[in-house]
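Hi there,

Here is the structure I promised to send over. Have a look at it first, and then read on for what turned up.

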Amino acid sequence: MSVAEAELAGTSHAPGIAALHPRRRRLSTRLLRSELRIIAGRRRNQAGLLVLAAVPIVMAIAVKMSTPRAGEGPDFLSSITSNGLFVPLAALSVEMAMFLPLAMSMLSGDAIAGEANLGTLRYLLTVPVNRTRLLLVKFASLCIGAVWGIAAVALPGAAIGIALFGTGPLTTLSGSQIGFGAAVWRLVLVILYLAAGLAGLAAVGLFISTLTEVPIAAAIALMVFTILSWILDSVPQLGWLHPWLLVDHWLAFGDLLRDPMAGGEIGRGLLTAAGYAVVFWLAAWARFAGKDITS
Amino acid sequence: MSLFTDHPRTRWAAPAAAVAVIGAVALTANHVASADPSLPSRSAAQLLVDVQQANLKGLSGTVVQTSNLGLPDINLGGSTQGGSSSLTSLVSGTHTWRVWLAGPQQQRLALVGSLGESDVIRNGRDLWVWSSKDKTATHTMLPAEGAKPGAASTTPGQLPKTPQEAAQLALSAIEPTTSVETSGASVVAGQQSYDLVLKPKDTASLVASVRISLDTVHHVPLRVQVFSTKTANPAFEVGFTHVDFAKPAARQFAFNAPPGTKVTQSTLGSDVGGTNGTASRAPGTASEAKPGSAPADTEPKVVGAGWTAVAVANLPKDTAGATKSGAPGGTASEVTGQLQRVLGLLPKATGSWGTGRVLEGTLFTVVITDDGRVAIGAVGPERVYAALASK
């Protein structure tokens with residue numbers, strides 16, 4: 001690693017290098033900010049966010065026009081009439097299966113393979129940006145993208161839900177009622193928990209993105225990974241495998257809506273997501289740092 | 001860093017190491033539960049005395065129940081994707097309960113599904129059954145004298161004078177059929193516990209052994225495992241994965257039906273079948289009949305004794321009435337239709353006793369004859385046929 005690279009990385013691993021440069025630069029967020037600007041500026045990402053946001057709005061309007069009976073339709077749908085905050089929860093439980101992983105696939109497919117496809121990857125690396133740092137920034141932007149995507153479901157959902165159905169006390173899964181403030185807090189926890197799950201998926205996507213130069217291939221591969229996980233998760237004979245599947249823990253967000261909250265499965269879900277993130281980020285690093293960048 | 005620069009392939013060691021570390025941590029987390037070898041050994045009688053003298057203020061915890069009964073997948077509760085919270089879905093698979101106990105008057109069980117929950121809450125004389133999926137609540141007023149102490153295993157009134165006496169009585173009652181031994185200790189839910197192992201003396205039984213783990217400090221049963229002669233893993237297991245012996249807050253037991261809930265007031269006559277979910281039913285006590293729900297003509301006849309007893313009964317005309325009355329999710333006729341469909345899937349058997357369908361589970365065998373008799377026992381099919389023929 002050259003001196004310039006170490007300085008740019010913002011960290012100095014070797015003490016000798018640190019001695020040469022006693023005035024360390026603080027961690028620059030410029031690359032991350034530019035990355036986020038690019039993600040936010042892409043037309044396809046904006047269109048994706050609109051689709052994500054449309055689902056809770058459609059659900060809320062449909063429920064407003066005809067009250068569903070209990071036990072019918074998607075989870076939480078019948079609870080919407082009692083509290084608007086169930087709109088984002090119902091939308092998240094529907095979109096978490098396919099739409100949100102699809103959005104993550106688009107983002108992570110663009111991360112490395114997209115740059116390579118456009119031919120911008122080599123320019124990015126001649127800036128010069130350390131490849132490890134580039135991967136860290138890409139992963140950080142994907143994590144922010146995960147929160148972004150879920151917020152794109154939850155915030156419009158909460159807004160229209162409150163507008164149409166008001167802010168009554170929220171009935172937990174245990175049948176008790178909690179106040180509006182506590183309910184908002186629970187919704188925030190659900191958003192963060194699901195974002196952590198998507199971030200684990202994003203690490204897989206980042207790794208796949210380093211394998212190819214075709215972004216659509218990377219996106220499809222991550223979608224295949226997600227669907228395969230759901231299929232494996234639905235086979236009861238593979239019960240030993242289920243705790244190791246990322247998607248198996250996603251629906252555990254319901255544990256945050258019990259009274260009192262149940263932490264065990266949530267903790268295991270977060271650990272699984274963290275494990276996926278570490279393993280696949282390191283795999284992406286192993287692949288990317290030794291790769292010849294030709295485009 | 002130069003190693004990674006000169007030999008890029010060595011970088012793959014990093015993700016491989018991460019996988020190895022995660023795997024190792026996961027393995028040790030499962031096997032770290034090695035019991036403290038310095039525990040003083042206790043005899044079976046001493047353990048039973050401990051259990052009776054247990055002075056439990058209350059507890060809360062998570063119970064996981066796993067059953068591998070070898071049953072066909074019967075979806076009586078309708079759609080059960082991803083861990084159902086319906087109380088009728090208990091027959092197969094893995095289920096998670098959350099439990100709160102505070103003395104004999106306050107208990108709460110919550111069956112946890114992926115995005116749903118069913119609760120059974122007892123607070124004094126109020127008994128509530130709540131289902132989040134269909135937003136229904138059933139309220140029952142219990143008689144002033146607690147008829148069913150729920151999960152607590154004390155039966156006041158008929159106790160012998162001292163716990164020691166009771167323990168001896170219990171042991172001598174099962175002694176002819178069962179060998180009782182203590183086999184060291186184990187760790188359940190992070191608690192050191194003694195293992196009490198019951199083994200049927202009659203080798204014809206499908207039950208190989210029953211292992212009960214008792215907490216060493218609070219003398220509470222923390223886990224019950226039933227081993228079958230057919231499989232190595234427990235065929236039925238119910239045990240705490242997390243337990244806290246502090247008395248839970250009173251608000252855990254307060255239930256007010258939330259607005260928008262369909263509340264059914266129930267009298268005790270049509271009792272709900274949800275409260276007898278504990279696994280502490282001692283086998284061989286010849287009380288296989290469901291209390292209060294069996295009319296006279298369906299009173300079962302018991303052939304044999306102890307672990308190899310086979311109960312033979314006549315099916316009521318309305319098959320559904322036998323077990324699932326009052327259970328949420330599915331009317332009686334729906335359940336009957338489902339049962340008929342399931343019966344059609346079972347293998348046929350013929351013998352001197354007639355013809356019928358056989359369900360061979362890992363722990364028991366059920367034979368339902370075409371002429372409307374049902375025989376069930378924790379034995380292989382031959383013993384059940386013999387019991388049917390002896391009628």
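**Salt bridges within the chains**

K230(B) and E360(B) join their side chains in a salt bridge, at 3.9 Å from N to O; the term stands for a side-chain nitrogen of Lys or Arg within 4 Å of a carboxyl oxygen of Asp or Glu. This pair ties together distant parts of the chain, 130 residues apart: K230(B) lies in the loop between β10 (221-228) and β11 (234-244) of chain B, and E360(B) in strand β16 (residues 354-360) of chain B. Helices (H or I, at least four residues) and strands (E, at least two) are DSSP runs, numbered from the N terminus. K230(B) is partly exposed because its relative accessibility is 43%, and E360(B) is partly exposed because its value is 44%. Here buried means under 20% relative accessible area, exposed over 50%, and partly exposed in between, with a 1.4 Å probe and protein chains only.

Before going further, a word on conventions: this is a predicted model, in which local features need pLDDT of at least 70 and side-chain atom pairs count only at pLDDT 80 or more, while totals for chains, interfaces and linings use all residues. Residues are numbered from 1 along each chain as its sequence is written, chains are lettered from A and ligands numbered from 1 in the order in which they are written, and side-chain values use heavy atoms, with hydrogens and water left out.

Over all chains, the structure holds 14 salt bridges. In chain A, D110(A) and R44(A) form one of them, at 2.9 Å from N to O. That pair also links distant parts of the chain, with D110(A) in helix α6 (residues 99-118) and R44(A) in helix α4 (residues 43-65) of chain A, 66 residues apart. D110(A) is buried, since its relative accessible area is 8%, whereas R44(A), at 43%, is partly exposed.

E115(A) pairs with K138(A) in a salt bridge whose closest N and O atoms are 2.8 Å apart.

**Helix α8 of chain A**

The 35 residues of this helix (residues 131-165) should span 51 Å at 1.5 Å a residue, and the end C-alpha atoms are 50 Å apart, which agrees; the expected span is 1.5 Å times one less than the number of residues. α8(A) bends by about 30° at A151(A), the bend being the angle between axes fitted to the seven residues ending there and the seven starting there. Just after α8(A), G166(A) has a positive phi of about 80°.

**Where the chains meet**

In all, 32 residues of chain B are in contact with 35 residues of chain A, contact meaning heavy atoms within 4.5 Å. About 2,600 Å² is buried between chain B and chain A, with carbon and sulfur atoms giving 64%; this is the accessible area (1.4 Å probe) that two parts lose on being put together, summed over both. Two salt bridges are counted between chain B and chain A. D259(A) and R251(B) meet through their side chains in a salt bridge, at 3.3 Å from N to O. α2(B) gives the most to the side of chain B that touches chain A, with six residues.

Best wishes
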